[in-house]
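I set out to look up a few features of one structure and to record them here.

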Amino acid sequence: MAENAVSGSESVNRSTLQRGRIGTRWFPLFMILPSLVLILIVTGFPLLYSLYVSFTPYELLKPNTLAFNPATMFNNYIKLLQDPLFWRSFIQTLIFLTVTVNLEFILALGLSQLLARVTRGQSLMRTMLMIPMMFAPILVGFQFRWFFNADLGLVNNALRSLGLINSPIAWLIDPPLGMMSIMIASIWMNIPVTTIILLAGTLSLSPELYEAAEVDGASGWQKFRRITFPLLAPFSYIALTIRSLDIARAYDIVRIMTDGGPAHRTELIWTYTTRLAIEDMKFGLGSAMSWVTVIVSLVFTVYFFRQLVKSRIVQ
């Protein structure tokens, strides 16, 4: 009898523990369930709806065109592949993305190494570094449009005062200068993010590695090349991934500074999408182009994430 009572109590305790573990496992999910539902409603439904619209010839002033037809579901994507302006904006977007992200990373890497060696006033310098992030992209666009204005701009007036130019330069009109001006504005606004990430990675490195390198007689460049830069690989890929996804915020800057012109010389895929969907009211074609940008962003994200995983495995 006593053995049966003991075994019964043990089974009760065991079942109680199992129920407690199940409750502990599912309790966090129940806590975040309202937020998950809200996220699905706010982001999931619009994404699925835009995907559906991308397979239809939907135009805002023609509600009947929202009907789905399997025989013509890929017409929007075929039109994009046959559109020379789409390919022009797509190539210019890739150039903009590649140059901006890489140049910003190089500058941020240098700034992070300089800040890591500052002994006094580092908190103040970090705060000042974050100032460009506090401006909305639309304000940055207006600011740099004034900087690069051909007649009243700060850049032309400064160059003229120094005697470097005799006639004003059309920064926002000439083909290479227009894109370069937009890149400068985007880099200025977003470089603090990359710098802070790389600075955090630099400060997290063990000083014992540098002490051992000094004992071996390593120079400053050798310590950076052999210790700092390889160990910063995870932080570098995190920064590159974030910036590759965040680069679409340049839409506001492009819209204000050049609006994709003149003659589509600074047209990016985001401004062309807006032109199709909002101005021409071709929602189906605009949604298809939006999904092209999503796919491109996912490709960059997957690549950088794989590199991040590899760098963590190596370390």
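This is a predicted model: local features need pLDDT of at least 70, side-chain atom pairs count only at pLDDT 80 or more; totals for chains, interfaces and linings use all residues.

Residues are numbered from 1 along each chain as its sequence is written, and side-chain values use heavy atoms, with hydrogens and water left out.

**Core.** I looked up the largest nonpolar core and found 49 residues, with Phe86, Phe96 and Met257 having the most contacts inside it. Such a core is a set of buried Ala, Val, Leu, Ile, Met, Phe, Trp, Tyr and Cys residues joined through side-chain atoms within 4.5 Å. Buried means under 20% relative accessible area, exposed over 50%, and partly exposed in between (1.4 Å probe, protein chains only). Beyond its neighbours within four places in sequence, Phe86 is in contact (heavy atoms within 4.5 Å) with Leu80, Ile269, Tyr272, Met289 and Val292.

**Loop.** I then turned to the loop between α11 and α12, where Pro262 is placed; helices are DSSP runs (H or I, at least four residues), numbered from the N terminus. A cis peptide bond joins Gly261 and Pro262, with omega about -10°. Ala263, in this loop, has a positive phi of about 55° although it is not a glycine. Ala263 is exposed, at 54% relative accessible area. His264, also in the loop, has a positive phi of about 65° and is partly exposed at 28%. Most residues other than glycine have a negative phi, and most peptide bonds are trans.

**Helix pair.** Lastly, I recorded that Phe229, Pro230 and Leu231 in α9 meet Ala233, Pro234 and Phe235 in α10.

Notes. Helices (H or I, at least four residues) and strands (E, at least two) are DSSP runs, numbered from the N terminus.
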